[in-house]
Amino acid sequence: MLPDTTKVEPVSSLPPTPAPDLDPTEQLFQDLEAKIREYRPREDLTPVEKAYQLAASVHHSQVRDSGEPYLVHPLMVSHILADMRMDQVTITTGLLHDVVEDGGVKPEDLKRDFGEEVARCVDGVTKLTKLDFFSAEERQAESFRKMLLAMVEDIRVIIVKLADRLHNMRTLVYLNQERRERIARETIEIYAAIAHRLGMGKVRGELEDLAFRYLDPQAHEEISAAIESKRHSTEEYLAEIRQVVEEELRKESIPARVEGRIKRPYSVYQKMKRQKIGIEQVYDLMALRIITDSVKNCYAALGVIHNEWRPIPGRIKDFIAIPRPNLYQSLHTSVVGPHGQHFEVQICTEEMHRIAEEGIAAHWKYKEGKKGAEPDDQRIAWLRHLVEWQRDMQDPGEFMSTLKVDLYPEEVYTFTPRGKVIVLPRGASPIDFAYAIHSDVGNTCVGAKVNGRIVSLRYTLRNGDSVEIMRQPGHQPSKDWLALVKTARARNKIKHVINANERLKAIEIGEKYFDKEARRLGVALNRVGKSDLERVAQEYGYGKAEDLYAALGYGKYSARQVLQKVVPGQFKEEVAEPAKTVPAMPESGTVAAAPAAHQRAGDDDVIKVKGLDDLLVYRAKCCNPIRGEAIVGYVTRGKGVAVHAKMCPNVQSLMYDVERKIEGEWARSAEDAFPVRVVVHTDDRPGLLAQLTSVLSGENANIRSLEAKTELDHDGALVEMTVDVKDKKQLEKLVAAMRRISGVRDVERQYN
């Protein structure tokens, strides 16, 4: 799969124009049958026709937001699947994928009429909408969890889901802006990433570009216009170098065909953001792909290219010797071509090319009774591990965030001392490497050697690093490690150990705190039965008395509150006194002094946290959440509840214990101003700073501080400022206005 140069072309071409005397949906179905017969000429298509009739019956009165009959959607999904040359079960599933969710058809009826495989695939594609969930986030998380489990059993589930999402994205323009942005973000974070992991480059490319169009319309329009303005000269240049390459390959008797490709808009955008450069500084807008007949000739062609043009150091990648986890194979090199222009060359065989474009769908063979992947298929192995690691993850927010991390393209190839390849996400640390080998290796890790040299556990692993883990028996992971690791496996193993230790400590501290408060108030606990404690624990939402003690130890409740419920009326309520701290788990492990009922302070008038009436509430300094952002509270040790933005980088590291997580919400609408740090990457030109401050003044945003400096390495400038904003909406408006200024390369919010 080509990460940077996939052609922007639809996966499924539109069917022929319908005949005047034929219903459009009937014409679409006839075209579908003709398409299937092209690659499955001997197959009986009765089940497909039967599925079409059922879908037509169920959806006959339904209309899409575009105004067209709803039946067009399942038909177009099936066309996309037919273009992938999928089997009859998959195409039947495409036709029926909404009949349970939107048409009330029972799964058992599908099983009776179409067989177990179709019924199972339709069920795997169906979202969880009929069950009761506390939030939309929980519903989304459980739907994805269900889909992942179904994928492990039958990969055709996700292939149908990708086709479904692809057609929805092609018609996204008919939805309102809020829905467009939500669906586009989910597409780019989840579905495009899954397509990447399955090696489906064409699907991934179109999903990314379609989502990009709605997530940042201005950037998409500017980049697309810039690409189009250069298209003529780029195509002329590609034709020139293509002719040279073909001639040189003929001289060496290397059979090959050569294709020229232009970088996709979203890929250009990613490079601009990653390197903080303008569109005019993206030199590798073009690429050549050489497709030859054998691996031997791939390397021979690489020699021809390097003999003709000078390669750029550090830009040669051999994905044939070490394939990517999605089985993508190719040789990549960047060279300085004629007239000093840079371009990329990718070299592969026909089979490699087919897998790069279509991935797992390119050679998926379904035989009698076979519905899953080969046990050793690498593209499914990661999925099995993912399901295993996240099976016990209860928090929906944590599940979704770790899922996005696990779907992130893996690009770091490291080695054990014995030469085994360990593939990790970019930014991975030696701790991730240790847990990738075995959980015991991770837990007892105390250091690491990279390429024979001792490095810090904060070290960021690079391609080609040889890593040796140093261990110490009895050693246990630190919670600081959560800020260093990138993989779900490492994070979950670390959390498991920390949670177990902290829970035991919390139970002990909570029990001592409860006993001490009871003695102070003169309550005889020997007369309190275990059933009384368990009754009160259930009132607080816990199953056992130990859970309630743990909550007391964490500082979520005061012992006085609990005693009032255990032995009501045995002591008088004392006058509340304001306090700055709460009884929590002190670092020393001793029991904090029993407090009176506390009054919340700080940001109490702005933020509410659910279930807590006597704790200090404050906005975390690391992210300074602003009104309108999704927020989450975290019960700290002795400091009250810190409220973070859910997008805060520290949230994942802090929320290792679900029991200390508190749902938060903005208390009221007010004119409060929130300080936000913003960094603007710009060209180094006169007058730009004045334009930026003019935009801020025009939006009535107060500037607290501002600093500008040049960036010699990027030939640009950096403007760092702290501005007061009322809410997230105003911040987004400011950022959009600044991005419209000529010479502004990127604007990003900074977290402390």
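This is a predicted model: local features need pLDDT of at least 70, side-chain atom pairs count only at pLDDT 80 or more; totals for chains, interfaces and linings use all residues.
1. Residues are numbered from 1 along each chain as its sequence is written, and side-chain values use heavy atoms, leaving out hydrogens and water.

2. Let's start with the open sheet of four strands, ordered β18-β19-β17-β20 with antiparallel pairing (strands are DSSP E runs of at least two residues, helices H or I runs of at least four, both numbered from the N terminus; two strands pair if DSSP finds at least two bridges between them). The edges are β18 (703-711) and β20, each with a single partner strand, so one side of each has no neighbour in the sheet.

3. Six antiparallel bridges join β17 (residues 674-683) to β20. Arg 677 has Gln 750 in β20 as its bridge partner.

4. Asp 746 sits in β20 (residues 744-750). Its relative accessibility is 3%, so Asp 746 counts as buried (under 20% relative accessible area; exposed is over 50%, partly exposed in between, with a 1.4 Å probe and protein chains only). Leaving out residues up to four places away in sequence, Asp 746 touches Lys 273, Lys 276, Val 679, Val 680, His 681 and Arg 739 (contact means heavy atoms within 4.5 Å).

5. Now to helix α2, where Val 48, Ala 51, Tyr 52, Ala 55, Val 58 and His 59 are buried. Seen down the axis of α2, these fall within an arc of 130°, so they line one face of the helix (the arc is that of the directions from the helix axis to the C-beta atoms). Their cover includes α1 (24-39), α3 (72-83), α4 (88-96) and α5 (107-114).
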